Amino acid sequence: DMGWDSNVLRNTQQLALLVSDSAGLLAVEARLVAAEAEEANTLASVVRGLLAILSLSDDADPELMAFLNETEVEVDGTTLRVTVSLDPEVLVEAID
């Protein structure tokens with residue numbers, strides 16, 4: 001026991017984050033392999049729900065809205081995949 005009191009971590013077998021260049025865009029992919037397909041589907045629902053809540057904001061920044069709209073959430077068996085591609089300039093502006 002590593003002292004982590006988290007259902008998500010207990011039910012996660014692998015977690016990976018990939019960042020690459022894709023035709024001039026910054027491509028980000030997070031991939032989580034859960035112990036069971038039900039866990040992957042539950043986490044996908046949580047991510048989709050968070051994206052939906054954030055997109056309801058009346059005063060959201062247009063770049064943030066574009067980011068939210070471009071985010072893809074997919075489940076294949078026990079694997080949850082969240083991907084998005086964005087203009088690196090938008091990321092730099094968000095960090096500044």
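1. Helix α4, residues 88–95, is hardly covered in this predicted model. Of its eight residues, the number that count as buried is zero; the term buried stands here for under 20% relative accessible area. The N-terminal end of α4 is capped by D87, whose side chain places an oxygen 2.9 Å from the backbone nitrogen of E89.

2. As to the protein as a whole, 18% of its 96 residues count as buried. The C-alpha atoms fill a box of roughly 40 × 30 × 30 Å along the principal axes. The model contains four helices and four strands, and from the N terminus on these elements follow the order α-β-β-α-α-β-β-α. Among contacts with a separation of 6 or more, 50% are between residues 24 or more positions apart.

3. The four strands form an open sheet in the order β1-β2-β4-β3, and their pairing is antiparallel. The edges are held by β1 (12–22) and β3 (72–76); each has a single partner strand, so one side of each is left without a neighbour in the sheet. From one strand to the next, the twist averages 15°.

4. The pairing of β1 with β2 (residues 25–34) is antiparallel and comprises ten bridges. Within this pair, L15 stands opposite L32 of β2. Strand β1 also includes T12. The side chain of T12 comes to 2.5 Å from the backbone oxygen of V8. Apart from neighbours within four places in sequence, T12 is in contact with L32, V33 and A34.

5. On the pairing of β2 with β4, eight bridges join these antiparallel strands. One of the facing positions is V33, which stands opposite T79 in β4.

6. Strands β3 and β4 are likewise paired in the antiparallel sense, over five bridges. The bridge partner of V73 is V82 in β4. How many residues lie between the strands in the hairpin of β3 and β4? There are two residues between them, and in this hairpin G77 takes a positive phi near 65°.

7. The largest pocket has a volume of about 210 Å³. Its lining consists of V28, E29, A30, V47, L50, L51, F67, T71, V82, T83, V84 and L86. The elements β2, α2 and β4 each give two or more residues to this lining. Which element supplies the largest share of the lining of the largest pocket? That element is β4, with four residues. V82, one of the lining residues, is also the bridge partner of V73 described above.

8. In summary, the sheet and the pocket share several elements. Strand β4 is joined to β2 by eight bridges and to β3 by five, and β4 gives the largest share of the pocket lining. Helix α4, by contrast, is hardly covered.

Technical notes
Residues are numbered from 1 along each chain as its sequence is written. This is a predicted model: local features need pLDDT of at least 70, side-chain atom pairs count only at pLDDT 80 or more; totals for chains, interfaces and linings use all residues. Side-chain values use heavy atoms; hydrogens and water are left out. Two strands pair if DSSP finds at least two bridges between them. Axes are lines fitted to C-alpha atoms, for helices over the stretch in contact, and angles run from 0 to 180 degrees between N-to-C directions. A polar contact is a pair of N or O atoms within 3.5 Å; within protein, one must be able to donate a hydrogen and the other to accept it, and residues adjacent in sequence count only if both atoms are side-chain atoms. Contact means heavy atoms within 4.5 Å. Buried means under 20% relative accessible area, exposed over 50%, partly exposed in between (1.4 Å probe, protein chains only). On a 1 Å grid over the protein atoms alone, a cavity is a set of points where a 1.4 Å probe fits but cannot get out, and a pocket is an open set with protein on both sides within 12 Å along at least five of seven lines; lining residues have an atom within 4 Å of a point. Grid points are joined across faces, edges and corners, and a volume is the space filled by probe spheres set on the points.
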